[in-house]
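Let's walk through this one together, from its charged pairs to its sheet and its cores. Keep the viewer open as you read.

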Amino acid sequence: MAVICTGEGRVLTVNVTGEVDHHHARTIMTEMEQAVGAALPRQLILDLSGVTFMDSSGIAVLLRAYRRASEIGAAVRVTGVPEQAWKVLKTAGLERLMTFESETGGKNPRPGRDTYETKTGK
Amino acid sequence: MRQKPVNEVVMTFLSRSANEGFARTAAACFVAQLDPTLDEVNDVKTAVSEAVTNAIVHAYPQTLGKITLRLRLFGDQTVEILVKDNGVGIEDVDRAREPLYTTGNEERSGMGFTIMESFMDRVRVRSTPGKGTMVVLSKQIARRVGLPV
């Protein structure tokens with residue numbers, strides 16, 4: 001598992017790789033919150049294209065990121081979502097809170113699923 | 001009459017979070033005998049991860065305890081996965097199975113049982129406060145066309 005954060009302007013990209021489960025969730029949350037706190041972005045992009053497995057701990061991770069972004073008025077976009085992770089995330093209805101893009105991005109979006117805009121975007 | 005399993009594996013491990021990955025990978029390897037699709041394997045892995053994580057987080061909150069994982073295959077292509085602990089038990093199983101209900105820490109979302117129910121055909125939970133909890137997950141793997149019966 002690894003969390004790599006890169007920023008350009010007021011856009012912060014967080015690349016999460018490996019397995020997102022209870023064992024790794026706290027580390028991911030901590031590293032992500034530290035990066036958001038340091039960058040204070042207007043937009044937070046969570047790139048999940050390197051995630052090899054996700055269980056419901058991933059829901060908690062994304063909700064935590066969403067709450068932190070809401071506190072600073074940042075929009076959240078989740079990109080590169082693998083099919084297995086997407087099946088977990090949609091169980092919790094997270095597409096109502098943030099924008100999702102599949103692994104193939106705009107070339108093959110999931111109709112009706114990843115066109116929602118985050119409620120906190122300004 | 002209850003079928004007899006055609007194959008069975010039983011393993012016991014400590015309630016360390018590092019064993020979550022081990023447990024779901026073991027279940028995925030075991031179910032591979034049925035030539036499942038990637039989706040079916042991922043469903044089993046995810047459900048096992050939820051059940052084992054529940055045991056690790058809730059059954060032994062202040063100590064390490066033992067978790068038993070029993071994997072069974074039946075002739076009708078059904079895989080049955082039992083996750084059993086001897087921990088604190090669940091006071092109200094119906095409430096624990098409600099979406100978003102959790103007594104766990106911040107890494108838990110309260111969606112564990114909901115995901116188990118969504119990804120598997122059947123989820124049975126039996127728990128006795130002070131004695132432990134047993135979760136039994138079942139899923140029938142579709143028979144692939146062209147394979148010998």
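Which residues are linked in a network of salt bridges? They are B:E8, B:R70, B:R72, B:E80 and B:R124, where a salt bridge is a side-chain nitrogen of Lys or Arg within 4 Å of a carboxyl oxygen of Asp or Glu.

Before going further, some ground rules. This is a predicted model, in which local features need pLDDT of at least 70 and side-chain atom pairs count only at pLDDT 80 or more, while totals for chains, interfaces and linings use all residues. Residues are numbered from 1 along each chain as its sequence is written, chains are lettered from A and ligands numbered from 1 in the order in which they are written, and side-chain values use heavy atoms, with hydrogens and water left out.

Within it, B:E80 and B:R124 form a salt bridge with their closest N and O atoms 3.5 Å apart. B:E80 sits in strand β3 (residues 78–85) of chain B and B:R124 in strand β4 (residues 122–128) of chain B, so the pair ties together parts 44 residues apart in sequence. Helices (H or I, at least four residues) and strands (E, at least two) are DSSP runs here, numbered from the N terminus. B:E80 is buried, at 4% relative accessibility, whereas B:R124 is partly exposed at 33%; buried means under 20% relative accessible area, exposed over 50%, and partly exposed in between (1.4 Å probe, protein chains only).

Over all chains, the structure holds 13 salt bridges. Another of them joins A:E33 and A:R64, at 2.8 Å from N to O. A:E33 belongs to helix α1 of chain A and A:R64 to helix α2 of chain A, so this pair ties together parts 31 residues apart in sequence. A:E101 and A:R77 also meet in a salt bridge, at 2.9 Å from N to O. Here strand β5 (residues 99–102) of chain A supplies A:E101 and strand β4 of chain A supplies A:R77, so parts 24 residues apart in sequence are tied together.

Now for the sheet in chain A. Its five strands form an open sheet in the order β1-β2-β3-β4-β5, with mixed pairing; two strands pair if DSSP finds at least two bridges between them. At the edges are β1 (2–8) and β5 of chain A, each pairing on one side only. β1(A) and β2(A) run antiparallel over seven bridges, and A:I4 has A:N15 in β2(A) as its bridge partner.

Two helices pack on this sheet. α1(A) touches β1, β2 and β3 of chain A, and α2(A) touches β2, β3, β4 and β5 of chain A, contact meaning heavy atoms within 4.5 Å.

That brings us to the inside. The largest nonpolar core has 38 residues, and those with the most contacts inside it are A:L46, A:L62, A:V78, A:L89 and A:F100. Such a core is a set of buried Ala, Val, Leu, Ile, Met, Phe, Trp, Tyr and Cys residues joined through side-chain atoms within 4.5 Å. α2(A) gives the most to this core, with eight residues. Apart from it lies another core, of 36 residues, among them B:F13, B:F30, B:I56 and B:I67.

Technical notes: Axes are lines fitted to C-alpha atoms, for helices over the stretch in contact, and angles run from 0 to 180 degrees between N-to-C directions.
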